[in-house]
Amino acid sequence: MADAARAALDATGFEVEVVTGDGNDGYPPGAPYDRVIVTAAVRHIPYAWVEQCSPGAVIVAPWAPVFHPDSPLAIVHVGEDGHAAGTFTGSAPFMPLDGEATTPAEADAVHAKWKEMGRPDPERFGITIAPQGQRVWLDTPDQPLTAGTAGIVTGPTLP
């Protein structure tokens, strides 16, 4: 697939570098980045992506339906301190990053928890990312979601 992409892009005359590899690692040789646009659904944002961004950079990532059934889109801003924070918006279902697919049972559990929470809109959720992990929250950062309150939020979590 990457070879076909390279050939098609070469035919346009634009200089584009096609990179293949584990997306969780980002791409250090191209850093620092001002924008990271993820084209596969994730359950967490790898800290490598934050590390490879300039302060003020934006990471846009479609989220797997692990706390909201509509697969919201995360819009995260990288701070000067190496932390990142942002909110979710709308529905942006994408194919999952390798190993991050949601099973039908997980989707059912998320939908049930979301209904128990009063069916909050995606815009009420946010995320904070630090070297130690991440926290998905509802309304404010001091209301973190946990496996017990949001179904199957995964990835390294902040204490």
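Predicted model: local features only at pLDDT ≥ 70, side-chain atom pairs only at ≥ 80, totals over all residues.
Trainee: Fine. How many helices and strands does the protein have?

Mentor: There are four helices and six strands. Helices (H or I, at least four residues) and strands (E, at least two) are DSSP runs, numbered from the N terminus. Starting at the N terminus, the order of elements is α-β-α-β-β-β-α-β-β-α.

Trainee: What share of the residues is buried?

Mentor: Buried residues make up 37% of the 159. Buried means under 20% relative accessible area, exposed over 50%, and partly exposed in between (1.4 Å probe, protein chains only).

Trainee: Let us turn to the sheet. In what order do the strands come?

Mentor: The order is E1-E2-E3-E4-E5-E6, in an open sheet of six strands with mixed pairing. Two strands pair if DSSP finds at least two bridges between them.

Trainee: Which strands stand at the edges?

Mentor: Strand E1 (33-37) and strand E6 (133-138) do; each has a single partner strand, so one side of each is left without a neighbour in the sheet.

Trainee: What holds paired strands together in general?

Mentor: Strands of a sheet pair through backbone hydrogen bonds, either parallel or antiparallel.

Trainee: So how do E3 and E4 run?

Mentor: E3 and E4 run antiparallel and are joined by six bridges. One of the bridges has valine 78 partnered with alanine 84 in E4. The two strands form a hairpin with five residues between them, and glycine 82 in the turn has a positive phi of about 85 degrees.

Trainee: What about E4 on its other pairing, with E5?

Mentor: Strand E4 (residues 84-89) and strand E5 (residues 125-130) are also antiparallel, with four bridges. Threonine 87 has glycine 126 in E5 as its bridge partner, and alanine 85 stands opposite threonine 128 in E5.

Trainee: Changing topic: how many aromatic pairs are there?

Mentor: The count is three. Rings of Phe, Tyr and Trp (its six-membered ring) pair if their centres lie within 6.5 Å; planes under 30 degrees apart count as stacked, over 60 as edge-to-face and the rest as tilted.

Trainee: Why is the pair of tryptophan 63 and phenylalanine 88 put in its class?

Mentor: The ring centres of tryptophan 63 and phenylalanine 88 are 5.2 Å apart and the planes are at 85 degrees, so the pair is edge-to-face. Tryptophan 63 lies in the loop between strand E2 (53-62) and strand E3 (73-78) and phenylalanine 88 in strand E4, so the pair ties together parts that are 25 residues apart in sequence.

Trainee: How does phenylalanine 67 pair with phenylalanine 88?

Mentor: Their ring centres are 4.9 Å apart and the planes are at 70 degrees, so this pair is edge-to-face. Phenylalanine 67 is in the loop between E2 and E3, so the pair with phenylalanine 88 in strand E4 ties together parts that are 21 residues apart in sequence. Ring pairs link Trp63, Phe67, Phe88 and Phe125 into a cluster.

Trainee: Last topic, the backbone. Which peptide bond is cis?

Mentor: The bond from alanine 31 to proline 32 is cis, with omega near 5 degrees. Proline 32 lies in the loop between helix H1 (2-12) and E1.

Trainee: And where is serine 71, with its positive phi?

Mentor: Serine 71 is in the loop between E2 and E3, and its phi is near 50 degrees. At 10% relative accessibility, serine 71 counts as buried.

Notes. Residues numbered from 1 in each chain as written. Heavy atoms only, no water.
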